[in-house]
Amino acid sequence: MRRLFLPLLILAVVITASVLADRANRAADAGEPDTTVATDSLGTPIVNVRRIPEWLRQPTSNQEFEEALQGVLSQPDVPVDRCLRVHRNGTEIAVENPDSSLTPAELQRFVTVAAVESLGRETVFVTKVVSNEASPVNEGVLEGDIWLVGGADPVLSTNEYLTRFDDDRASTSLDQLAAELAVELRRRGISEIGGGVVGDEFRFSPSETDYVGTVWTETDNADNVVGPLSGLLVNDGFLWDRQTNTVTRSEDPAAMAAGILTDLLVQRGIAVTEEPTTGEQPASAEQILLATIESPPIEEIAQRALIDGTTAEMLFKEVGRVNGLSPASNDAAFGMLITLLQQGLPVEGSLPLDGSGLSNRGRVTCDLLMGIVEQSPEGGIVSSSLKSIRTSSLADCAPAGAYNMRIISADRGHITALAGEMTADNGSLITFVLIANADTVVGTDSLGPCNSVQRSLLEAIARYPDRYGPTPESIAALAPVPAPETQG
């Protein structure tokens, strides 16, 4: 068997080699020649800048964009005191005097909201009503006072007062607190308060309910842009005459709040013997909690601050208090700077003396505003403050193509300010800030709403990218070159 194995193995190898050689020969046989077909050739080589037209276009586009932005500032009615910053995807496109200290008018509220962001989006303010455990109840009468204790809630309001506004601004219902208090009193067998309602504004010092003489002028205060500021504030601290739709500043906001709660209790069948007054709540160990109410989250209140000066000022004072200082204007300004600095924002040259921008002495830089626009977290309080231009005060004069802008603006005759962002058609994010201050009202249309400075800036930005640089078609890859015709 061993003698047969070797010849058989050799035979198998020979047969296999023969088969493989035949296959190789057949594969190498070209057979009939293939017919050559002429095809179109590339009009632009594979390695050519036309293959990346957007990159090729960008330097010219940026230059023309910058020239258009600088042209906005070259208009004769633009005040000399101004600053500008415009970025594309975080890269500087145009800049002028970015660190100049300028008055921001109501855009100061945007800075206030940025500081509030650090307090936490879910932060709430608590208002409570307490009694003294030492006060007995005899035949349905509570022999003593009850205290309305303020928690510096900026939006504590009656339902009636809110009807004077045509928006759904954030609010805390004093009516609801009164209703829950009446229910709790009845549960305890109380139908009458033998004393009165005492308002406690301990959260803020009653010695500084406004900043007249330090930050504001008497004229500023007389316009009722901002109500009195108190740790216990109801209805912005205003007495509202519904018939004439006029408001009067309360001289004692805490007493006013106690009086309103008294009326609401009486309407709900709880008698109150004494007149409302102000005073200090009992020690915590001696209190009986009767009712409490929380404000909406501070992220909602911050949006009200953009349209309501009193809310902005109350938040300003709260920032000072939270930073371990006092709610006084100087301390609150220092507390705001600390908060902004902790967020990594450039505060040099800025001095926010109040929260609403009512003061003409406050100062802000374009550097700070741009930092706020670009560094705020997406979906945060600041980001939510930028509104679609379609619903903004500039909606009626928005240029074509500005539909995807989100902005916040301010104008006060001799002051105009603007901040915002736009997602361009090519996906670029354009961020922009502008402040311009004049010594007096300038030009025929001054610096009021929809002024020429605002319109020109928005128009220059809205034209990006299509109106700057060569057209994409002129620098795109060329069409293929047709193959020459061949005779059959």
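# Close-up views of a predicted model

**View A. Ser-173 caps the N-terminal end of helix H5, with a side-chain oxygen 3.3 Å from the backbone nitrogen of Asp-175.** That counts as a polar contact, meaning a pair of N or O atoms within 3.5 Å; within protein, one must be able to donate a hydrogen and the other to accept it, and residues adjacent in sequence count only if both atoms are side-chain atoms. What you're looking at is a predicted model, where local features need pLDDT of at least 70 and side-chain atom pairs count only at pLDDT 80 or more, while totals for chains, interfaces and linings use all residues. Residues are numbered from 1 along each chain as its sequence is written, and side-chain values use heavy atoms, with hydrogens and water left out. Helices (H or I, at least four residues) and strands (E, at least two) are DSSP runs numbered from the N terminus.

H5 covers residues 174-187, and at 1.5 Å a residue its 14 residues should span 20 Å; the end C-alpha atoms are 20 Å apart, so the two agree. (The expected span is 1.5 Å times one less than the number of residues.) Which residues of H5 are buried? They are Leu-174, Asp-175, Leu-177, Ala-178, Leu-181, Ala-182, Glu-184 and Leu-185. Buried here means under 20% relative accessible area, exposed means over 50%, and partly exposed is in between (1.4 Å probe, protein chains only). Just past the helix, Gly-189 takes a positive phi of about 80 degrees.

**View B. Tyr-161 and Trp-240 are one of the aromatic pairs, of which the whole structure holds 5.** Rings of Phe, Tyr and Trp (its six-membered ring) pair if their centres lie within 6.5 Å; planes under 30 degrees apart count as stacked, over 60 as edge-to-face and the rest as tilted. This pair is edge-to-face, with 6.3 Å centre to centre and 85 degrees between the planes. Tyr-161 has 1% relative accessibility, so it counts as buried. Ring pairs also bring in Phe-165, giving a cluster of Tyr-161, Phe-165 and Trp-240.

**View C. Tyr-211 and Phe-316 form an edge-to-face pair, 6.3 Å centre to centre with 70 degrees between the planes.** Tyr-211 comes from the loop between strand E10 (197-200) and helix H6 (218-222), and Phe-316 from helix H9 (residues 309-322), 105 residues apart. Buried or exposed? Tyr-211 is buried, and so is Phe-316.

**View D. An open sheet of 6 strands runs in the order E2-E1-E19-E18-E17-E16, with antiparallel pairing.** Two strands pair if DSSP finds at least two bridges between them. E2 and strand E16 (387-388) are the edge strands, each pairing on one side only. Inside the sheet order, strand E1 (residues 81-88) and strand E19 (residues 429-437) share 8 bridges, and Asp-81 has Asn-437 as its bridge partner in E19.

**View E. Another open sheet has 4 strands in the order E4-E5-E9-E13, and its pairing is mixed.** Strand E4 (137-138) and strand E13 (271-272) each have a single partner strand, so one side of each is left without a neighbour in the sheet. Strand E5 (residues 141-142) and strand E9 (residues 192-193) run parallel, joined by 2 bridges, with Val-141 opposite Glu-192 in E9.

**View F. Strand E3 (residues 126-132) is mostly covered, with 5 of its 7 residues buried.** It pairs antiparallel with strand E15 (residues 287-294) over 7 bridges, where Lys-128 partners Thr-292. E3 also pairs antiparallel with strand E6 (residues 146-149), over 4 bridges, and there Ser-131 stands opposite Ile-146.

**View G. The largest nonpolar core has 57 residues.** A nonpolar core is a set of buried Ala, Val, Leu, Ile, Met, Phe, Trp, Tyr and Cys residues joined through side-chain atoms within 4.5 Å. Leu-107, Phe-110, Val-111, Leu-340, Leu-369, Ile-372 and Ile-435 touch the most other members. Another core, of 33 residues, lies apart from it; Ala-94 and Leu-457 are among them.

**View H. Asn-97 has phi near 45 degrees, a positive value in a residue other than glycine.** Asn-97 lies in the loop between strand E2 (91-96) and helix H3 (108-116), and is partly exposed at 33% relative accessible area.

Terms used. The expected span of a helix is 1.5 Å times one less than its number of residues.
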